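Here are a few friendly notes to read alongside the picture. Take them one at a time and look up each residue as you go.

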Amino acid sequence: MEPIYLDHNATTPVDPAVVEAMLPFLNEGYGNASSVHMFGRDAKVALEQARETIAGVINCEPSELYFTSGGTESDNIAVLGTAYQYRKKKTHLVGGATEHHAVIEPAEHLHHHEGFGLDLLPVDSEGFASATELAKLITDHTCLVSIMHGNNETGSVQDIAALTAVTRERGVLFHTDAVQSIGKVEVDVKQLGVDMLSLTGHKIYGPKGSGALFIRQGVKIAPLFYGGAHEKKRRPGTENVAGIVGLAKALEIAEKQRESDFTRLSELADYFIEKITTAVPDIYLNSPRTRRIPQTINLSFPGAEGESIILSLDLKGVAASSGSACTSGATEPSHVLTAMGVPLERGQAAVRFSMGRVTTREHMDYVIEVLPPIIERLRAMSPTYRQSQA
Ligand SMILES: Cc1ncc(COP(=O)(O)O)c(C=O)c1O
């Protein structure tokens, strides 16, 4: 059998239609979008068409979208840019306890090195945050709340509209990282009520190194870079025209098939969860069954280390991930599962299967066939697990 890729939350293959849309801008359409001649004008037209396409999907004005190199950069601009804009008046931030490192690390930098207060909004056992708890954390000094939309490790989808109702009332800016949710569940910046929103291309069958940040009209943030008037000076640097065209095409395709993909992958997720929990005793689902990105299935197999399971699956031709790919290699359990109250031994035994467009029932059946003996073997090698079962 061909290798089975179940790590679509780490990245996705580029859709052939996206490659096709990008190619002219890597070949004859190589102009710099800032140049006034015909080459530049063609590039500029493509750039603005891409902006319109993306704006149409997330329901904002094209002028509210700023192109970046991806999710990490968008998150950093939102967190650091807001903090630097407000630092003389407001020096407190609230982040989600289950944020991606692209939000947590700039927030921690501000906390440890730049005198900002930082509070993390707790989540329940399914990864959901509460608006009541958020209201308790906001102070008169809070300049930004940053809570992700869809979680990369568990697939939990936050009720962002309920959270932004709180920040709006208190006059605090709200940023959400929608890197994993966009193209998979509905993302409408007006319905969500957010002031800023990050997205990236490579999680939705677009190119790596191409993303965007929505900044609502009227929101002021300080730039992190200087050196040009690109993106209204908020993100100077010659635009990656081919990458941006690819991002827009990828989002357009994802949006078109979003509902059918959601239905198909929800059914496949439920099928897999049911079969695997029957085939392997003593396993835990860390992902929620509702309010989820269905392609993300996070399971714990106590008695077997997540990393060992991943390596064994790899030998069988299955690519999955333990926790988030960006922190893979770290031995401590993921901060996401820890924040959800998952005990240490279960956190260390977690595996994330992230399905995609090409994932079929046959693929999942193969995992259901090869995984139980792997878990049995690893558990047999764990004296603590054997003792706990005795
Ligand atoms: C939730 C989330 N935010 C941000 C990022 C970073 O995005 P990028 O890889 O485009 O920098 C990722 C990627 O893993 C992610 O899953």
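1. A residue counts as buried when its relative accessible area is under 20%. Keep in mind that this is a predicted model. By that cut-off, Phe-272 and Phe-353 are both buried.

2. Those two residues are also partners: Phe-272 and Phe-353 form an edge-to-face aromatic pair, with 5.3 Å from centre to centre and 70° between the planes. Phe-272 belongs to helix α9 (residues 258–279) and Phe-353 to strand β12 (residues 350–354), so the pair ties together parts that are 81 residues apart in sequence. The structure holds 2 aromatic pairs.

3. Now follow β12 to its neighbour. Strands β10 and β12 run antiparallel and are joined by 5 bridges. Across them, Leu-299 stands opposite Val-351 in β12.

4. How many residues of strand β10 (residues 296–300) are buried? The count is 5 of 5, so the strand is mostly covered. In a regular strand, side chains alternate between the two faces of the sheet. Here both faces are covered, with Thr-296, Asn-298 and Ser-300 buried on one side, and Ile-297 and Leu-299 buried on the other.

5. Strand β10 also pairs with β9 (residues 284–285), in the antiparallel sense, over 2 bridges. Tyr-284 stands opposite Ser-300 in β10. The ring of Tyr-284 has the charged end of Arg-346 sitting over it, 3.8 Å from its centre.

6. Finally, the cysteines: the structure holds 0 disulfides. Cys-60 is buried, at a relative accessible area of 8%, and Cys-143 is buried at 2%.

How values were computed:
Residues numbered from 1 in each chain as written. Predicted model: local features only at pLDDT ≥ 70, side-chain atom pairs only at ≥ 80, totals over all residues. Heavy atoms only, no water. Phe/Tyr/Trp six-rings, centres within 6.5 Å; stacked < 30°, edge-to-face > 60°. Helix = DSSP H or I, 4+ residues; strand = E, 2+ residues; numbered from the N terminus. Buried < 20%, exposed > 50% of the residue type's maximum accessible area, 1.4 Å probe, protein only. Lys NZ or Arg CZ within 6 Å of the ring centre and 35° of its normal. Disulfide = S-S within 2.5 Å. Pairing = 2+ DSSP bridges.
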